[in-house]
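Colleague: I would like to go through the labels on this model one at a time. For each, set the value against its definition and then conclude.

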Amino acid sequence: MNLIVGAIIVWAAVIAGYTLSGGQLLALWQPFEVLTICGAAFGAFFISNPMSVVSTTIKSSFGLLGGTPYNKTLYMELLSCLYDVFQKIRKEGLIAIEGDIDDPKSSAIFSKYKLITKDHHVMDFICDYLRLMVVGDMAAHELEALMDAELETHHSEALLPSTALAKVENGLPGFGIVAAVMGIVITMGSLGGPPEVLGHHVGAALVGTFLGILLAYGFVGPMSTQMEHRVREEGKFYECIKVSLLACVSGAPPQIAVEFGRKVLYSTVRPSFTELEKRVRGG
């Protein structure tokens, strides 16, 4: 939603400022300039990145059209799910959750939390470390070191689309200049013609520079930054899981273990202690 609203504001401000100062709106309509700039930028992006990054970046760009999934509702589900798992471990022992982690889709615990189970990456992360707790007999510091290594790799990989888009942002003004130079070349070939024809060609060339800068700083750059925010929010989500699991391994009661997870959340999405307590106790 922010992407759509922001794009409207950018275009509205630029067009309003241009037209109110006496500019002719049709003069900005230069489809061949757009083709040159966007085509060259996409080609450079395609050359610079492996296909996995290209496809992930495109998918992430479309994902910006929706709101962030990391809201209070999701965190309430996550913490409630972890509480149920920890409660079963406390009452029946670690071995009791072996069936749940081997087949989460059939688990009486996990099947209650659709927002969590629909993300297989999250389920893999939770189940893998619960499995290590069951069969690995690992100390909390050993488990934490392994989690940190995995999350660091995951974070680096998740940042690749935003980094790739940031490089496109850096290149767009240059491609705008390329389009402008090509326009000047066309203008030079029209020397001696009517002044209005020369003016049209010069205007088209300048629009190339204008579009390159506008697309870079008005759209592609902000999209790259928004992707970084999504990665940061995702990292916080996994950190919540991590600290809750480590608290459980260290022997904390279920209510305290999920409280560890709740405390690391950003204030804008963090449920209160009372809200979480009512949820996990069925209130």
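Predicted model: local features only at pLDDT ≥ 70, side-chain atom pairs only at ≥ 80, totals over all residues.

Colleague: Why is K112 called exposed, and why is D84 called buried?

Modeller: Buried means under 20% relative accessible area, exposed means over 50%, and partly exposed is in between, with a 1.4 Å probe and protein chains only. K112 has 51% relative accessibility, so it counts as exposed. D84 has 16%, so it counts as buried.

Colleague: How do you know that R131 and D128 form a salt bridge?

Modeller: Their closest N and O atoms are 3.3 Å apart, and the pair therefore passes the distance rule. Both belong to helix α7 (residues 120-135), and because they are 3 residues apart they are separated by about one helical turn. R131 is partly exposed because its relative accessible area is 27%. D128, at 38%, is partly exposed too.

Colleague: What makes K236 and E239 a salt bridge?

Modeller: The N to O distance between their side chains is 3.0 Å, so this pair also qualifies. They lie in helix α10 (residues 195-249), 3 residues apart, which means a separation of about one helical turn. K236 is buried because its relative accessible area is 13%, whereas E239 is partly exposed at 28%. Elsewhere, salt bridges with shared partners join D102, D128 and R131 into one network. By the distance rule the count comes to 9 salt bridges.

Colleague: What is the nearest side chain of opposite charge to E169, and how far away is it?

Modeller: It is K167, at 10 Å. Here Lys and Arg count as positive and Asp and Glu as negative, with His and the chain ends not counted. E169, in helix α9 (residues 160-188), is buried yet has no salt bridge. Leaving aside neighbours within four places in sequence, E169 is in contact (heavy atoms within 4.5 Å) with A216, Y217, V220 and G221.

Colleague: Why is A179 called buried, and why is F175 called partly exposed?

Modeller: A179 has a relative accessible area of 2%, so it is buried. F175 has 22%, so it is partly exposed. A179 is placed in helix α9, and F175 is found in helix α9 as well. Not counting residues up to four places away in sequence, A179 touches E33, T36, I37 and G208. With that exclusion applied to F175, its contacts are I37, A40, A41 and A44. A179 and L35 are 144 residues apart in sequence, with their C-alpha atoms 9.4 Å apart.

Colleague: What makes helix α11 mostly covered?

Modeller: In α11 (residues 254-263), 7 of the 10 residues are buried. Among them are P254, V258 and R262.

Colleague: How do you know that the protein is more spread out than a compact globule?

Modeller: The protein has 12 helices and 0 strands. Its radius of gyration is 26 Å, well over the 19 Å that the globule rule gives for 283 residues, so the protein is more spread out than a compact globule. The radius is taken over C-alpha atoms, and the rule is 2.2 Å times the number of residues to the power 0.38. Along the principal axes, the C-alpha atoms fill a box of roughly 90 × 35 × 30 Å. Of the 283 residues, 38% count as buried.

Conventions: Residues numbered from 1 in each chain as written. Heavy atoms only, no water. Salt bridge = Lys/Arg side-chain N within 4 Å of Asp/Glu carboxyl O. Helix = DSSP H or I, 4+ residues; strand = E, 2+ residues; numbered from the N terminus.
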